[in-house]
Amino acid sequence: MAGVAGGLLGVAAILFALPADLFGRVPPVTGTLTAAPHQVAVVDGETLVIHETVIRLQGIVAPARGQTCHDANGAGTDCGAASAAALARLVRGHEVACRLNGRDREGFARGLCEAAGTELNRALVAAGWARARGDTADFADAEAQARNARLGLWRSGAF
């Protein structure tokens with residue numbers, strides 16, 4: 001009896017560990033979400049919280065908070081915090097609107113977001129504070145330009 005119960009618990013644990021959308025438990029996310037400045041929080045260089053909805057900026061990858069990047073002299077800096085600060089500067093004091101386009105692998109909403117007429121996803125890559133995600137070519141040109149100009153995290157060539 002104990003073996004059967006243990007087996008059932010093991011199967012349940014595996015099912016809960018699978019992606020949230022595997023069995024259709026999480027409905028697709030579409031539409032537009034808009035928020036006033038006081039309703040927007042920056043989590044990291046690629047994640048916002050708007051009205052309690054976590055939104056990952058689609059098509060980009062930013063370093064995680066605490067990730068160290070080294071400059072040409074070998075000095076380390078928290079490049080994740082620098083990336084988050086760049087996103088915070090873009091949204092500070094502005095209404096933010098995100099066009100939602102499904103969910104990422106973790107089940108968070110993905111979106112193309114804008115503040116004060118600036119597309120946040122592209123602006124972060126163009127300023128060198130994020131990379132274009134490898135599975136999309138949407139921002140590859142902006143990344144190449146930032147890399148060549150040694151902007152943001154590319155200034156030391158360490159990102």
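**Entry 1: the chain as a whole**

I looked up the surface and found that the chain exposes about 8,900 Å², 55% of it supplied by carbon and sulfur atoms. Accessible areas come from the Shrake-Rupley method with a 1.4 Å probe, and for residues only the protein chains shown count as cover.

I note that this is a predicted model, in which local features need pLDDT of at least 70 and side-chain atom pairs count only at pLDDT 80 or more, while totals for chains, interfaces and linings use all residues. Residues are numbered from 1 along each chain as its sequence is written, and side-chain values use heavy atoms, with hydrogens and water left out.

I found four helices and eleven strands in the chain; these are DSSP runs numbered from the N terminus (helices H or I, at least four residues; strands E, at least two). Of the 159 residues, 35% are buried (under 20% relative accessible area, with exposed over 50% and partly exposed in between; 1.4 Å probe, protein chains only). For contacts (heavy atoms within 4.5 Å) with a separation of 6 or more, I read that 51% join residues 24 or more positions apart.

I then followed Leu 48 and found that, beyond four places in sequence, the residues it touches include Val 42, Leu 87, Val 96 and Leu 120.

**Entry 2: helix α2**

I checked the length of α2: its 13 residues should span 18 Å at 1.5 Å a residue, and the end C-alpha atoms are 19 Å apart, which agrees. The expected span is 1.5 Å times one less than the number of residues. The buried residues of α2 include Cys 79, Ser 83, Leu 87 and Val 91. At the N-terminal end, Asp 78 caps α2, with a side-chain oxygen 3.1 Å from the backbone nitrogen of Gly 80. After α2 comes Gly 93, with a positive phi near 80 degrees.

**Entry 3: Glu 46**

I found Glu 46 in the loop between β2 (40-44) and β3. Glu 46 counts as buried because its relative accessible area is 11%. A polar atom of its side chain lies 2.7 Å from the backbone nitrogen of Ala 62. Beyond four places in sequence, Glu 46 touches residues including Ile 55, Leu 87 and Arg 133.

Terms used:
Polar contact = N/O pair within 3.5 Å; in protein donor to acceptor, adjacent residues only side chain to side chain.
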